[in-house]
Amino acid sequence: MQTQSTVTYDVIIAGAGPVGLFLACELRFAGVAVLVLEQAQDPHSPLKQLPFGLRGLTIPTTEALYRRGLLDEIVAAQRARSGAIKSAAHWMQRARKPAGHFAGIQFFQDDIDVAKWSWRLPTPADAHVAVDMETLETVLAARAARLGVEIRRGFGVTAITASEQDVVVQAAGEIFRGGWLVGCDGGRSTVRKLCGFDFVGTDPEFTGYSVAAELADPEKLSPGRNFTPTGMYTFAEPGTIALVDFDGGAFHRSAPITIEHVKAVLRHVSCTDVTISALRLATTWTDRARQASTYRRGRVLLAGDAAHTHSPLGGQGLNLGLGDAMNLGWKLAATIQGHAPDDLLDSYTQERHPVGAQILDWSRAQVAIMRPEPGSRALQAIIRDLIDTRDGATYFAERVRGVSLRYDLGGRHPLVGRSVPDFELSDGTRIGERLRDAKGLLLDFDARASLRMLARRWSDRIAYVGSEPKDALGLSAVLVRPDGFVAWASDGPPDHDAAAEAASRWFGD
Ligand SMILES: Cc1cc2nc3c(=O)[nH]c(=O)nc-3n(C[C@H](O)[C@H](O)[C@H](O)COP(=O)(O)OP(=O)(O)OC[C@H]3O[C@@H](n4cnc5c(N)ncnc54)[C@H](O)[C@@H]3O)c2cc1C
């Protein structure tokens, strides 16, 4: 490694993908000095644009974006391309509104029993939002730049020396020194490999293909999602195709993707003799499911695909990664600023690793019922029956949309560990808006509770909100972490000692 040393940063982030950029914004909110090193010189790529770049956002993601004032910006930026989104999703148009799918088996909005989600209140974050990666990254990069994040493109991290005091990183022949390093550098993370993180899980069963092509005889393919005796394909006219070929993942990254190869795989999987006359764009992926066994080793952390990879079929990877960033940002900032409790940073792995493990299993379960074999076909039929019931659709909606997310934070109240309901206060503002500056909140709904004095002890970290909401859901007081999750709640006269204990647990003394 060269010896020349440049500026020192509180945090260096490897990777300016959506997770790295969102995390950078979270850290800057707290005034932390952040450098983002990005390998690619050019942020644009056809794979980030429609149709392949389209990503559906789950409720925890739309809530996180809403709570930081980014949701409207992203929806507005995407609106310019929404005509293209409509045509890409045209095959999905049905008389009933689809609400999601499990291994391609659809469930519908009118089957979902939202009354079961009694801890939720209507919120702008309920919106079904889909965004392409390029739009998302453009909005996040602009926000990061406005907040003062330094982003260097064309700087791929190639060497790392981590000690107890700091982390020294080499990129594009330059040396950068940081207090902490976060690897947000994607599924083949250099940070993860160089820093000795275990990456454990299961090997792939298939190679997946996303293809844009011109077809000589498109009528030979059926529009929509099709399970066949040899695999699965989805077809959106005129020539957008996704294919799953159960080859054990053998083809992925093993050879150039030629028109002859794609034609052969398409014919095999679709069981037709369809002809591709021109291949415009093609990429491959697999269902490899692996996860780092810890997300922290000393001063190095992982987030996003660097920490976990799985099949994109369930549409969860981006959402999982943005959830990591929302969970990590305030904890790392508090640690740097010296007021974090000793174990705050380790709660990042404790909370997010189980969420990642669940998503990996969710994607494995989908692969298991997609295999072209009789046992999987039989399971598919059972899932079809179950997903068509009210309880079934509600269960799948909870899992797919992320509504069931709850961290195990201890505490007896059923709201603890859940996302705070979006209470509407007497002045017309909502809790989501009050979380914009990434501080904690102490909600005091009962004038007699008088928690104001208590909040003063943490006034630089916790904002006191003494107001009666339109619907308090029977609660008298709630302590909310900067990521919008409930740390403590009370139905009756609040126990001040319990509230103070929870505040110390998450905000330090
Ligand atoms: C076909 C497909 C469809 C998908 N659909 C969905 C969906 O519907 N919903 C969903 O939630 N997810 C979906 N995903 C997954 C989602 O795209 C990823 O989970 C998400 O992009 C991860 O974001 P990230 O920031 O962690 O990583 P990435 O987006 O991979 O970004 C990593 C960044 O790090 C950079 N980098 C790499 N190495 C280095 C280095 N050494 N130094 C510096 N920088 C480096 C890269 O250039 C890149 O910019 C899909 C994925 C695929 C392939």
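Student: Over how many bridges do strand β23 and β24 pair?

Tutor: This is a predicted model: local features need pLDDT of at least 70, side-chain atom pairs count only at pLDDT 80 or more, and totals for chains, interfaces and linings use all residues. Residues are numbered from 1 along each chain as its sequence is written; side-chain values use heavy atoms, with hydrogens and water left out. Strands are DSSP runs (E, at least two residues) numbered from the N terminus, and two strands pair if DSSP finds at least two bridges between them. β23 (residues 477–480) and β24 pair in the antiparallel sense, and the count is 4 bridges.

Student: Which residue in β24 stands opposite L479?

Tutor: β23 covers residues 477–480 and pairs with β24. Opposite L479, β24 places W488.

Student: Which strands stand at the edges of the sheet?

Tutor: The sheet is open and mixed, with 4 strands in the order β22-β21-β23-β24. Two strands have a single partner each, so one side of each lacks a neighbour in the sheet. Those edge strands are β22 (462–466) and β24 (486–490).

Student: By how many degrees are neighbouring strands of this sheet turned on average?

Tutor: Axes are lines fitted to C-alpha atoms, and angles run from 0 to 180 degrees between N-to-C directions. Here direction is ignored, and the average turn is 10 degrees.

Student: Which residue of the β4 and β5 hairpin takes a positive phi?

Tutor: β4 (residues 98–102) and β5 (residues 105–108) run antiparallel, joined by 4 bridges. F102 has I105 as its bridge partner. That hairpin has 2 residues between the strands, and the phi near 50 degrees belongs to A103.

Student: How many Å separate the centres of domain 1 and domain 2?

Tutor: An automatic or database domain assignment sets the bounds. Domain 1 is 8–200 + 290–401, domain 2 is 207–286 and domain 3 is 431–507. Taken over C-alpha atoms, the centres of domain 1 and domain 2 are separated by 27 Å.

Student: How many salt bridges are there between domain 1 and domain 2?

Tutor: The two domains bury about 1,700 Å² between them, 74% of it on carbon and sulfur atoms. Buried area is the accessible area (1.4 Å probe) that two parts lose on being put together, summed over both. A salt bridge needs a side-chain nitrogen of Lys or Arg within 4 Å of a carboxyl oxygen of Asp or Glu. Between domain 1 and domain 2 the count is 0.

Student: Which element gives the largest share of the side of domain 1 that touches domain 2?

Tutor: Helices are DSSP runs (H or I, at least four residues). α9 (346–370) and α10 (374–387) are the elements giving two or more residues to this side. The largest share, 3 residues, comes from α10.
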